[in-house]
Structure formats: C-alpha cells, structure tokens
Amino acid sequence: MRARQEYNTMKRMMRRMMAWAFGRKIMGIQMVSCREVSQVLQDYLDGELSRAERRSITAHLALCSECRAFLSTYRETLSLLGRLPSTPMSRKFSEGLENLLLDRLSH
Amino acid sequence: MILHVSWTISGDGKPNPHLEATLSEAEAALVGRLVEREESALLEVLTDHQSRIFNLALRITGSVEDAEEVTQDTFLRMLDKVQQFEGRASLGTWLYRVGTNQALMKRRSTGRRQEQSWDDPMAAFTEDGLHATPIRKWRGSVLDIQKEETARIVRQAVDDLPEDYRNVIVLADLEGRSRQEIAEILEISVPAVKSRLHRARLALRTKLAAEFEEAKE
C-alpha cells in the first residue's frame, strides 16, 4: 500500500517535470509533449523525420512510459491490421458467379 | 470516380499490339483469349482474382451480400469491356480499381449504417500536452489475429470507423496500397491521404485499446 502511494507520488512528480520541460531545449534537444509525439508517430515509424526531430522523439520516449506504451500499441494496431485473415467466399456464390459469367461469355 | 486505366476500341478481337509492350507476354495472351471468349481464360482470371476482389469489397462495404454483388458487377464489367482493354495497367490492377470504386459507391448508396461518433484522437491530452488518461500495454493473450475473437473485434472496429477513415485504413493497412495509389482512387492529395491515415490509425488504436488493454492495477 505504502509502496503504491510512493509510486503514484513519483509518477505525478515525473509528469510535472515533463510538462515543465515541454517546449524547452535541454542539452541541445528540443523537448516535445506527448501530444506532439502522437502527431508525428507515423512519420517517426516511416523514417520521415529530420535528425533533430527524431532525437526529440527518442528523448521523449526514453522519459515517458505512457508514450512508450502508446507507440507499442500503435505498432500493434498496424500489425493486427496487416495480418487480418481473408474471409473465404461461399461455394454457392463462387459457383453461381462462375455459371453467370460463363453464360454471359457464350452470348 | 475516375479509373486511371484508359480504354480504346480495338476492333477485331485480337490483342491490341500495345498490350505486348506493357503487359507480360502471358497476361497479354490471357487478355487475348478473353477477347476470343475462351472459357478457360475466364476460369483462370476467376481463380486468380475473385477472392481478392471479394475480400476488398467486403472490407469496404462490411457486408457479405454487398461484397458478392460488387464482385459480380466487377467481373461482368470486365467481360463487357475486355475488347477495349488497352493494357496501361495489368488486368489485376484494373479489376482491383473497378472493384474499389464499385465497393465505395455501394457503401455510399446503401447508407445502412449509422456511423458512430468518434472522439478526436488529438483531444485525449491535457492542456500541458500530457496523456489525459493512463496508457496501458495490451494483453499479449488477445493479440493473436488468428483467434476468431480478435479478428472479429478488429474487423468490427474498422467497420465502425467514419467513412473517410475507413477507406484509407482498408486501402493502406489491409490492402497494402501505396499512398499515391490511394490518392488516385479517392481523388485526394497524397498529404491528405497521409494525414487521414494517421488520424484513422490513432482512432482505431483508441478503439482497440478499450478491448485489449491490461486491467487496471
């Protein structure tokens, strides 16, 4: 129970620190918000960001467990879509279509 | 909808000489046999393409009945127009584009679905730009798409998307078409395809998260 409270306190503190950092430049890296990360995730995964933008996103991901989970589930969404199985056609429809087209072919 | 494959009357039923310059020899011969009304050529085309056209139509229309109608109309159109096939794209590509356009028109004309309201994916953040609600990982056990329940949830989530989102998700992520090709099919710019696709993916991620997230600690 106590450990859980301490964890939640640390998490709140971390969120405040991150909100403070958004928009500032720290050690030469432009810090971006979670919203900005989500806006460019597609370009990040497609390798279409500049080097500086990529560094900003990578730095944010290193600090933010929520955005790491967001990125992981965004990737998972794409993976599920890409592997969605085909639906088989019914034999009845397939045979009917073949007969209809063969009939049309001969007229 | 504009079909980006043009057609000209070729006349004598023989393959247009242009076909041989742009299509493979085997495909040009296949089109020639279709023009000659050979049954074996029709059966070959059906074997190669009917399942793909049916699945494309099913993903766009969300209805087996509508997908069957679109598949039938696409192949009937092929038989009606094959003499005019100029071959600037392969027969498979032409069938695919006709099928896509027919399915999009079918979905619009039926209008049988009440589209659900979807929250703006960009609204899920605080004023500071932080996630407004906790983001959790997804349960590994449900992520096997071969499981019927998982596939059903994903199909339903795609089908529930607003039309603009659904069309780009189907063409890009289910059918694997390029951004350029989608732009041509939907008659929008490539940047519009990219922007719409990202928002659609974010919306779908949020929808799937409600089903797949790990339980609260």
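Student: What should I know about the model before we start?
Tutor: It is predicted: local features need pLDDT of at least 70, side-chain atom pairs count only at pLDDT 80 or more, and totals for chains, interfaces and linings use all residues. Residues are numbered from 1 along each chain as written, chains are lettered from A, and side-chain values use heavy atoms, without hydrogens and water.

Student: How many aromatic pairs are there over all chains?
Tutor: Two. Rings of Phe, Tyr and Trp (its six-membered ring) pair if their centres lie within 6.5 Å; planes under 30 degrees apart are stacked, over 60 edge-to-face, the rest tilted.

Student: Why is the pair of Phe93(A) and Phe54(B) tilted?
Tutor: Their planes are at 35 degrees, so the pair is tilted; the centres are 6.4 Å apart.

Student: Are those two buried or exposed?
Tutor: Phe93(A) is buried, and so is Phe54(B). Buried means under 20% relative accessible area, exposed over 50%, partly exposed in between (1.4 Å probe, protein chains only).

Student: And what sort of pair do Trp138(B) and Phe212(B) form?
Tutor: Edge-to-face, with 5.6 Å centre to centre and 65 degrees between the planes.

Student: New topic. How many residues of chain B are in contact with chain A?
Tutor: 55 residues of chain B touch 46 of chain A. Contact means heavy atoms within 4.5 Å.

Student: How many salt bridges cross that interface?
Tutor: Four. Each needs a side-chain nitrogen of Lys or Arg within 4 Å of a carboxyl oxygen of Asp or Glu. Arg104(A) and Asp80(B) form a salt bridge, 3.4 Å from N to O.
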